[in-house]
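Please read the points below with the model open.

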Amino acid sequence: MLPKIDPTTTQSWGKLNELASEEYDIRGLLSDPTRVAKFSFDSKDFHFDFSKNEISDEILNTLITLAKECKLKEGIDAMFGGQNINETENRAVQHVALRADTNDLVKRELNKIRNFTTQLHNGTHKGYNDEQITDVVNIGIGGSDLGPKMVAHALRPYWKEITPHFISNVDAAQTVETLEKLNPATTLFIIASKTFTTQETITNAISARDWFLNNGGSQGDVSKHFVAVSTNEKAVNEFGISSTNMFEFWDWVGGRFSLWSAIGLSIACAVGYDHFESLLSGAREMDDHFHKTDFEKNLPVISALLGIWHNNFRRYDSMAILPYDHRLRYLPSYLQQVDMESNGKYIDRSGNEVSHQTGPIIWGEPGTNGQHAFYQLIHQGTKIIPCEFIGVVNPAHKHQDHHEKLLANFFAQSEALLAGKSKDQVKNEVGSDANDILKNSKVFKGNRPSTSILIKELNPHNLGKLISYYEHRVFTQGLIWNIFSFDQWGVELGKQLSKPILSEIKEGKEGIHDSSTTSLMRRYRDMRA
């Protein structure tokens, strides 16, 4: 069980409120020649710079005291010890066990993934025309889609002979666009659904099977072209997939933390099992760091505490994830789910409504695209948005000129957020005769917080380490906020309501709804007719 401590009742919470009432000039703080070294940390191929944030020794020490008062260490031990910390579902939370290499169930399933992907790559497992599989389509949604898709595209330089594709939306447009480019004789489908009842996934899976059968494949060929990742063997068999082609994972693996399990089969198909194993080893390295390192040097803990300082005390309720690497373009949307589905809760672990802010709004885009979209608001808007910049030192391509321009923007943006541009600078730039409207419009207040992460190389090991860093940051914040980070009841309500509405749409009936929903459904029927 996790400790149940209302953070607002701790002494450190009150002290942090007092500290937050002061103004902090980050530019002035950086005049301390020891500051960058004090608030920067190295971890093998990683460099973390937290120095451009509104923190001081006193603030960080008080945040660490808050973590201790909220029994963070005990919570970490409970998770790594396999306790049922997902109390509302009475389950353990053991995604860390997926990469620990000590669990026999996990070893068995990983070995099955190894054997299957090896057969795909060496041509032992072929399609119905005896041709080698060239494309894999992962059909899932949420954690069965976002994680594998993000990782597969981040590791694009490591793809072997197989190209991965991903279908998640129940909107058939995505299915049609994906399948029209493929050859059924050389395509493998992975149906990824824990229960094998998820409406979007099963609808898309049936459409994929129909496409396969209508374009040369037979019912007897389904076993060569469809596999499942699920816990529901009966439903998998009824769909037409044999048990030998079913990969298992367990109820102690949460969907948004499942890419390390058989849900990552599409990753292994794309990059090969050895690289998938390297992904796991990178996550394991960060797991060990998080579990064993004192809070004063613990990267996920420091990052989480900084987020709590921003969210709860400085009242910055949004955070931008800004990767300066095209391969990480799906990282912001992946982290949206990991963070917002985990910590978007207002009920605490005692069943009471919280009196403090919980999960922040997570969003972002890769640089430099975002600079021509929303950076205007980040630099001069009325909201202060802490930013996390992620840069990769050594690219996978040989276009050094491109990369130097990319990294120049990476460094410049955090500097611009910090430094801003004063009225005197603007006056020197446009001349004293310029009108006040122009002069005022070109002023940047600066003093806006950011964190920078540099990664030597975006390889499978380092990507695993980065993802694990974010997972543990989310866990740390949820524990301190005294909420359950590993259920997602907020996802269920819309699903429940959609079922009777679907029946009404199909049967032309009219149920009992609010006046707006009733009107919308009537208008839908009229416009469709």
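1. Five strands make up an open sheet, ordered β4-β3-β5-β6-β7, with parallel pairing. Helices (H or I, at least four residues) and strands (E, at least two) are DSSP runs, numbered from the N terminus; two strands pair if DSSP finds at least two bridges between them. The edges are β4 (163-167) and β7 (246-248); each has a single partner strand, so one side of each lacks a neighbour in the sheet. On average, neighbouring strands of this sheet are turned by 20 degrees against each other, direction ignored. Axes here are lines fitted to C-alpha atoms, for helices over the stretch in contact, and angles run from 0 to 180 degrees between N-to-C directions.

2. This is a predicted model, in which local features need pLDDT of at least 70, side-chain atom pairs count only at pLDDT 80 or more, and totals for chains, interfaces and linings use all residues. Residues are numbered from 1 along each chain as its sequence is written, and side-chain values use heavy atoms, with hydrogens and water left out.

3. Strand β5 (residues 187-192) pairs with β3 (residues 135-139) in the parallel sense over five bridges. V136 has L188 as its bridge partner in β5, and V137 has F189. With β6 (residues 226-230), β5 forms a parallel pairing over four bridges; there the bridge partner of F189 is F226.

4. How much of β5 is buried? Six of its six residues are, so β5 is largely enclosed by the rest of the structure. Buried means under 20% relative accessible area, exposed over 50%, and partly exposed in between (1.4 Å probe, protein chains only). In a regular strand the side chains alternate between the two faces of the sheet. T187, F189 and I191 are buried on one side of β5, and L188, I190 and A192 are buried on the other.

5. Helix α8 (residues 172-179) lies across β4 and β5, and runs at about 160 degrees to β4.

6. Helix α1 (residues 11-20) has S12, W13, L16, L19 and A20 buried. These residues cover an arc of only 120 degrees around the axis, which puts them on the same side of α1; the arc is that of the directions from the helix axis to the C-beta atoms. Q11 and E18, on the other side of α1, are exposed. The buried residues of α1 pack against α4 (57-69) and α14 (299-313), where contact means heavy atoms within 4.5 Å.
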